Amino acid sequence: MERRTIGAGALAVGAVGLGCMPMSWAYNGSRQRGDASLRAVHRALDLGSTLLDTADMYGPFTNELLLGRVLKERREDAFVSTKVGLLVGEQHIVANGRPGYVRRACDASLRRLQTDVIDLYQLHRADPEVPVEETWGAMAELVQAGKVRALGVCAVGARGGRRSGSRLYDPTLRQLQRMQQVFPVSAVQAELSVWSPEALDGLLPWCAARGVGFLAAMPLGNGFLTGTLTPGEGFEPDDLRARHPRFTAEMMAANQPIVAGLRRVARRHGEGVTAAQVALAWVLAQGGQVIALPGTKQERWAEENAAAAALRLTAQDLAEVSRLPAARGSWD
C-alpha cells in the first residue's frame, strides 16, 4: 500500500488506516464480536493499513484492551494512535485536560495496549476549564519521557459558526496556533468525506502548509457512503446514527443521489469497484498528507477499504463527485 507521512518526524503509515471505534463503541453493540474484530485488525495489518486508531474512551477502555492482544504479537507491524481527554460517565461525557490526569491516562493506555510507546497521542477534546497550553505541555512531557512519539489533535467543528458566516473550524485553528507555540502538532484528525467536506475550508490547508498530517475521520459518512444501508431499516438504540439528523428514514432516502453518483464513478473503474472505494479515493485525492481512517469491525470491509488506496480517480471523476448534491439532514 502507498505510504504517507505524518508530521515533521516523517512517521510513515499506510494511506488507508483502520478506525477501531466500531469494534466496541457507538455502532451496533449487539454485532460486536471480539474474535471477528481481531481478525479484522490482523487482516488490515497484512494489507498495509498500519495506522490503528483507538481511544481510551472507546468502551471505555475495552477497545485499547482488544488492540493490545494484537500488538502483543505484531507491535512492529502497527502504528498505534490513541487519545486522551474525555471521560465517560453513566449518561454523559466530560473533558479532562488536567496535566496529572493526562500523565496517568497515558500510563494506563500503555498498559492496556501492551506496548512501551504510543506512536501518536491525540488530544480528544480540549478541557474548557484548563488552558490548552497546560494540557499540551503535559503531553509534550510524555514525548520527552519516551512514552509517546508524536502528538495530534482531534478537531471539532463549531456548527453554529456556519450559520454566522465563519468557517466551521475557525475555533480549532485558533487553538492549534496556541498549541504550536508549546510543542509541534504532528497530526490533526477531523471528519472529511464526500458528504462532509467542511475541513477543506481552512483546516486541511492549514495542515498542508505546515507539513501536518491530516487523519480523515468518518470518510465513509458513518457507513452511508458505502451504499449498504437501507433507509427505514432503523438502528439499535446505542448506535450513534439512531440520533443523527442525516440518518432518519426520510433523509437517508433524500441523500441517495450521493451514493448513486459514487456508484456511477465506480462503474467506470471496472467490475468490483465499489461506491465506498470511490469515497475513500476521493478523500485521499485531497492531499498527499491525508490518511483515511474508515472504521470497521469486519475483515471483508477492512479488505475492501485497503484496496481503495490503489484506486486513482481521474479529473473527470473528481469533477463529477464535486457536483454531487450536498448532504441533507433533518434540520434542513
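Strands E5 and E8 run parallel and are joined by 4 bridges. Here, strands (E, at least two residues) and helices (H or I, at least four) are DSSP runs, numbered from the N terminus, and two strands pair if DSSP finds at least two bridges between them. Across this pair, Lys83 stands opposite Gln122 in E8.

This is a predicted model, where local features need pLDDT of at least 70, side-chain atom pairs count only at pLDDT 80 or more, and totals for chains, interfaces and linings use all residues. Residues are numbered from 1 along each chain as its sequence is written, and side-chain values use heavy atoms, leaving out hydrogens and water.

## On to E9

E8 also pairs with E9, in the parallel sense, over 5 bridges. Tyr121 has Leu151 in E9 as its bridge partner.

Why is E8 largely enclosed by the rest of the structure? Of its 6 residues, 6 are buried, so the rest of the structure largely encloses E8. Buried means under 20% relative accessible area, with exposed over 50% and partly exposed in between (1.4 Å probe, protein chains only).

Val188 has Phe214 in E11 as its bridge partner.
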